[in-house]
Amino acid sequence: MSNVHSLSLDTASPVQLRDLNREPLRRVASFDASAIGEESRSLEFSFSSEAPVARWFGDEVLSHDSESVDLTRLNDGAPLLWNHNPDQVLGVVERGWIDGEKKRGMVAVRFSRSAFAEEKLADIRDGILRNVSVGYSINDADQTRDGSIVATSWQPHEVSVVSVPADASVGIGRQLDTTIAAAAADQTQPPIQPVENTINLEEVRAQAAADERARVSSITALCRTHSADDLAQGLIERGATESEAMKEVLAAIGKRASQPAAPKATSAQPIAGASADIGLSDKEARSFSFLKAMRAQLFPNERAFQEEAAFEREASNAAAQRMGMSPKGLLIPNDVLSRSLTAGSASGAGDLIFTDARPGSFIELLRKRNFLTGLGVTILSGLTGPVGIPKQTGASQVYWKGEGVAVAETEPSVGQVTMTLKEMSAWTRFSRSLMLQSSIDVETFVRNDLVTVMALEQARVALYGLGSSSQPEGLKLTTGINTKDFAANQPTYAELVDMETLINADDADIGAMGYVTNATIYGGFKTTEKAANTAQFVLEPGGTVNSYNVTRSNQVESGDVFFGVWSQLVLGLFGAVDLQVNPYSEDKEGNIRVVAHQAIDYAVRHPQAFCRGNNTL
């Protein structure tokens, strides 16, 4: 290739390698639908060639020499997608290889058995869907004298079935003129042979009718769920999509929340706070993107990022209006829930940015187990101010009297269990390059990490909160709970039964009960006999102790065993998680700080329903 010279990376070069990687690159091809049988779920086809593609800088050619193409990710279970959408998986790439003679990239794929994949597979068999596209990145390239680029090292990431080949008219996010677009389309797609009698009009009409019924049903159910039945008919008649209907319903919910509120009481009273749950479906809650929300705050002048986060902003506004709050960042509705990292060191996510990523092999941090999960703790969400839960503290008296003797007047006494907001914050940092370049699923990683650390701290203070220093009061320091002094570090079976007896003696066995302890004592349950020489151990078959479930977590301090009716522990959530992005505090380092705020408190309805055991009481 004598007319090719190495691509210069100095600032005077008209095209630099980083320009090629500003966005994921894609190419379009077509496959032969006749190659797939009626029963087969597998298909082989070419996904790339050396045909030049018009880009904003000129033509781009992908070298198909075997040493030029890195097939590692393709052969590591790369996804087969629909229209490059990572949330719409059609199947998996089972094998990728280079046909050296024809200079083409080839794949063997297998389609999923999901309803969505079945639908697209049927369209492929009928010849309705023909185009395939590949998403790839360029690692190294040479530039010809006429300005064209030859990718001498590139890597395919995924293969997609596509309805409209987007890159025939758009090249790396830049609009091309019609002549270039037409040329690109001619160059990247082999001629399509006419296919007769492949479209069944009756099936198309039937599918259209089914889609319309599904749209009407979804909109009707959405409006009914959120008491917005008055909107349903209008949305249906004007052909609104489910997404458009959700936007209008969110707006309506926001208007309701903005109506004047009743005068606030001067003291804490029981309230039915407006929930920060705004009624998102499971699919919509999963689609709420922390990454898009953070990018919108990080790049307020980038129109693309603002448009990308339109749904997240609308959901935040709806939650804010519903709660009567003015968030400092974006509110995360309770429907959703969720530290960021620095791309500079192994411990801070430097190891997340690499060429050959294997997300399934990512080694997560070992964390303490959240013991609250599954215990049945009562949760009050959407609280907006001090909360008082009425509680009867005394009963009326019964008297025996003689004839003509007056009975003393008595009445039951009443008190309150109160909760006031106590704010906790979790913060972390990550780099811009991690957010924009990481090959692992940053969205899921950041969401899960923030949610996990906040949830673990919520669980810890449920037991060990100080009741001061802005912390809730935990069970250990709650006045009135029962206690059992163990004779040794490891409790005996009889002592564990005594914990139950203490609660029963207070008539507080008013719900499902269970034990909570740490790994050390739990291990002792497996080796401690109920009675000597019986070969019957404290931990019973089925994982119970004294016939009650046991939850194990190393958040429980040394020597402690808690037992009780866990529904009597109330977790109050004030508002929603407020997610703030700060790009300035560490701007010299190129880091971004993310802070999540959540206000909570705990209350115990009946302290007598709990017992703490330890040998140091």
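1. Basis of the note. This is a predicted model, in which local features need pLDDT of at least 70, side-chain atom pairs count only at pLDDT 80 or more, and totals for chains, interfaces and linings use all residues. Residues are numbered from 1 along each chain as its sequence is written, and side-chain values use heavy atoms, with hydrogens and water left out.

2. Strand β24 and its partners. Helices (H or I, at least four residues) and strands (E, at least two) are DSSP runs, numbered from the N terminus. Two strands pair if DSSP finds at least two bridges between them. Strand β17 (residues 422-431) pairs with β24 in the antiparallel sense, over ten bridges. Strand β23 (residues 569-582) also runs antiparallel to β24, and eleven bridges join the two. In β24, Ala 596 has Leu 579 opposite.

3. Burial of β24. Buried means under 20% relative accessible area, exposed over 50%, and partly exposed in between (1.4 Å probe, protein chains only). Of the 14 residues of strand β24 (residues 591-604), 13 are buried, so the strand is largely enclosed by the rest of the structure.

4. The structure holds twelve salt bridges, a salt bridge being a side-chain nitrogen of Lys or Arg within 4 Å of a carboxyl oxygen of Asp or Glu. One of them joins Asp 601 and Lys 422, with the closest N and O atoms 3.0 Å apart. The pair links distant parts of the chain, since Asp 601 is in strand β24 and Lys 422 in strand β17, 179 residues apart. Both Asp 601 and Lys 422 are buried.

5. Two further salt bridges. Side chains of opposite charge can pair when their charged atoms come close. Arg 460 and Glu 457 form a salt bridge of 2.9 Å, N to O. Both lie in helix α12, three residues apart, about one turn of the helix. Arg 460 counts as partly exposed, at 28% relative accessibility, and Glu 457 counts as partly exposed at 29%. Glu 557 and Lys 476 form another salt bridge, their closest N and O atoms being 3.9 Å apart. Glu 557 is in the loop between β21 and β22, and Lys 476 in the loop between α12 and β18 (482-485), so this pair ties together parts 81 residues apart in sequence. Glu 557 is partly exposed, with a relative accessible area of 37%; Lys 476 is partly exposed as well, with 33%.

6. Nonpolar cores. A nonpolar core is a set of buried Ala, Val, Leu, Ile, Met, Phe, Trp, Tyr and Cys residues joined through side-chain atoms within 4.5 Å. The largest one has 42 residues, and those with the most contacts inside it are Tyr 515, Phe 525, Trp 566 and Leu 569. Helix α12 (residues 442-464) gives the largest share of this core, five residues. A second, separate core has 41 residues, among them Cys 223, Ala 318, Val 336 and Val 581.

7. Helix α14. The buried residues of α14 (residues 519-527) are Ile 521, Tyr 522, Gly 524 and Phe 525. They cover an arc of only 155° around the axis, which puts them on the same side of α14; the arc is that of the directions from the helix axis to the C-beta atoms. Thr 520 and Thr 527, on the other side of α14, are exposed. The buried residues pack against α13 (493-505), β19 (513-517), β20 (544-545), β21 (548-552) and β22 (561-565). Contact means heavy atoms within 4.5 Å. Leaving out residues up to four places away in sequence, Phe 525 touches residues including Gln 490, Leu 496, Thr 517, Phe 537 and Val 550.

8. Six strands form an open sheet of mixed pairing, in the order β18-β25-β22-β19-β21-β20. Its edge strands, β18 and β20, each pair on one side only. β19 and β22 run antiparallel and are joined by five bridges; Thr 517 stands opposite Val 561 in β22.
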